[in-house]
Amino acid sequence: MKNSLGLDASTQSLSAVLVDWTDGEVLGSWSVNFGADLPRYNHPSGFLPGGEAGEVHANPLLWLDALNLLLDRMKEEGVDFSSIASVSGSGQQHGSVYLSGDFGQVLSSLDETAPLAGQIGACLTRETSPIWMDTSTGPECREITDALGGADEVRKRSGSEAIERFTGPQIRRFYKTQPKAYAETASIHLVSSFLASVLSGRPAAIDYGDGAGMNLMNLAAGEWDDALLTATAPDLRAKLPEVEPSASVAGDISPYFVKRYGFSPKCQSLLWSGDNPCSLVGMGASRAGKMVISLGTSDTLFAAMDEPLTDPRGFGHAFGNPMGGFMSLICFRNGSLAREAIKDEYGLSWNDFGVDGLSRTPVGNDGRVIIPFVGNEITPRVDSTSAQAPGWKPTAEEWARGIVEGQFLNMKLHSRWLGLDSEGEILLTGGASENDGIAQVVADVFGKPVRRLAVSGSAGLGAAIRAAVATGADLAFLEDKLSAPADGRDLAPVSEHVSIYQDLEKTFAEALSDRFNIS
Ligand code: ADP
Ligand code: XUL
């Protein structure tokens with residue numbers, strides 16, 4: 001057995017990448033899109049539309065049906081599951097799944113002739129899962145902060161201030177709004193540990209990478225933090241899985257997958273981690289010194305760190321690095337979905353955001369900026385219902401340029417605390433990184449060369465690499481082979497554009513401050 005499988009349960013899709021770790025080759029990749037492939041769930045962008053008061057939820061049964069569908073498709077294509085020595089995964093961060101005391105028993109006696117959702121569904125004590133886009137927990141964040149004696153204390157312990165989308169505040173809101181269902185909940189999993197449990201046939205631990213995105217783990221100790229647990233909800237310790245290093249094996253793969261798909265009973269099922277921590281590994285950036293920007297549903301910027309540096313302004317985070325040490329993470333909620341909203345509203349295509357499309361407008365839109373928050377933003381934390389072009393009526397083409405420029409000016413402004421200015425280059429990944437026009441704006445705004453990898457799907461790849469390393473493969477060899485930049489796809493910053501954006505950063509900061517009274 002010389003292969004490892006990486007699964008990526010992201011916001012909009014579930015993907016798989018199969019890697020041969022002796023040769024360092026990708027053997028294939030597969031994907032199920034939640035909106036297009038499972039329309040009966042009515043999750044066109046991976047979550048239930050129409051949530052109120054900032055709520056954004058998804059149905060966890062969708063993720064289980066997607067897992068069956070993905071593996072069914074791979075089987076139909078003749079994938080030899082018995083060649084897989086180890087499997088791990090990457091989950092969208094912060095989302096939580098609420099389960100009854102039957103979960104363990106149900107997992108250990110799954111009937112391989114039936115889909116997972118029908119069997120595990122009976123264990124849910126909360127029908128839907130709040131996901132990372134949920135901004136409904138402002139009051140709960142304030143309560144947790146007050147109980148700890150201030151934002152600095154929460155940040156010192158957990159690596160982040162109390163954050164709306166983080167799991168702890170979400171759990172508190174559930175406890176406050178549905179106390180009976182909370183009391184009936186025996187265990188609370190992250191998306192990552194929920195799916196790791198399903199694959200292992202027993203409840204799995206939460207790893208340091210994803211566990212740090214809960215406002216419940218003490219980052220320095222790598223353990224649940226009693227003061228944070230107490231401030232969040234009663235009896236919470238008993239409802240949480242253990243927290244363990246990311247490289248831990250959860251167990252042999254569940255007999256369900258052995259019998260239904262032909263996995264070897266010896267296949268090792270590893271803990272999963274969050275999508276950003278896995279992407280750090282997949283991008284070959286798990287050692288300090290490389291900065292990654294991911295343009296997925298959210299836009300994120302992250303880098304490995306030896307020490308857990310925290311953001312004094314409270315927007316960025318310190319998480320566990322799955323390969324040891326820590327990582328920084330800044331997340332922008334208005335990522336791909338904001339670009340898509342502008343594309344749809346102004347009748348544009350992705351080509352209009354490409355090199356040719358953007359060449360129809362001057363770099364920097366003649367010194368004018370767009371505030372790119374189509375919906376609520378988390379970095380900075382502002383409520384907004386539409387993007388803004390202060391004092392100006394942009395054309396459709398100016399909107400395309402302005403939204404992208406605004407997004408990366410905002411990203412640059414809010415990543416200064418990391419002190420990464422001297423880092424040599426940016427590693428770019430995620431769906432929108434394929435677009436050369438958008439990637440060039442990244443290079444020009446940051447004034448750094450941009451490199452993209454030959455393999456797409458860095459989170460799934462990172463999960464496959466983590467699984468391979470846990471069964472003896474060499475990390476440096478795999479990074480060298482699998483996380484190699486694609487030939488001819490590097491982009492250099494254009495110096496005239498760099499100086500335009502240096503000036504525009506100030507204009508953008510002023511526009512933000514005028515509109516929202518923040519810097
Ligand atoms: P996630 O992993 O968060 O589910 P992906 O990294 O797969 O997301 O990125 C999906 C997004 O990529 C889509 O929502 C879409 O907006 C964006 N995308 C895909 N192709 C392009 C393109 N050519 N130009 C810009 N954005 C694109
Ligand atoms: C990170 C975050 C998102 C999700 C979904 O803090 O909220 O990036 O992990 O990708």
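**Two ligands and two local features**

Tutor: Gladly! Domain 1 (3-277) and domain 2 (284-452 + 487-519) both give residues to the shell around ligand 2, so ligand 2 lies between them. The domain bounds come from an automatic or database domain assignment. This is a predicted model, where local features need pLDDT of at least 70 and side-chain atom pairs count only at pLDDT 80 or more, while totals for chains, interfaces and linings use all residues. Residues are numbered from 1 along each chain as its sequence is written, chains are lettered from A and ligands numbered from 1 in the order in which they are written, and side-chain values use heavy atoms, leaving out hydrogens and water.

Student: Which residues surround ligand 2?

Tutor: They are Q93, H94, W132, R165, D275, N276, S298, T300, L329 and C331. A residue is near a molecule if one of its heavy atoms lies within 4 Å of it.

Student: How do you know that H94 makes a polar contact with ligand 2?

Tutor: A polar contact with a ligand is a pair of N or O atoms within 3.5 Å. A polar side-chain atom of H94 lies 2.6 Å from an oxygen atom of ligand 2, so the pair meets that cut-off. The side chain of D275 has an N or O atom 2.5 Å from a ligand 2 oxygen, and for Q93 a backbone N or O atom lies 3.1 Å from one. Taken alone, ligand 2 exposes 290 Å², and the protein buries 96% of that; such areas come from the Shrake-Rupley method with a 1.4 Å probe.

Student: What makes the shell around ligand 2 three nonpolar, five polar and two charged residues?

Tutor: Ala, Val, Leu, Ile, Met, Phe, Trp, Tyr, Cys and Pro count as nonpolar, Asp, Glu, Lys and Arg as charged, and the others, Gly among them, as polar. Sorted that way, the shell gives three nonpolar, five polar and two charged.

Student: And which residues are closest to ligand 1?

Tutor: Of the 13 residues that surround ligand 1, the closest are S10, T297, E340, G431 and N435. Oxygen atoms of ligand 1 lie 2.8 Å from a polar side-chain atom of S10 and 2.6 Å from a side-chain N or O atom of T297. A ligand 1 nitrogen is 3.1 Å from an N or O atom in the side chain of N435. On its own, ligand 1 has 580 Å² of accessible area, and the protein covers 74% of this.

Student: Why does ligand 1 lie between the domains?

Tutor: Domain 1 and domain 2 both give residues to its shell, so ligand 1 lies between them.

Student: What is the peptide bond from T379 to P380, cis or trans?

Tutor: The bond is cis, with omega near 0°.

Methods:
Polar contact = N/O pair within 3.5 Å; in protein donor to acceptor, adjacent residues only side chain to side chain.
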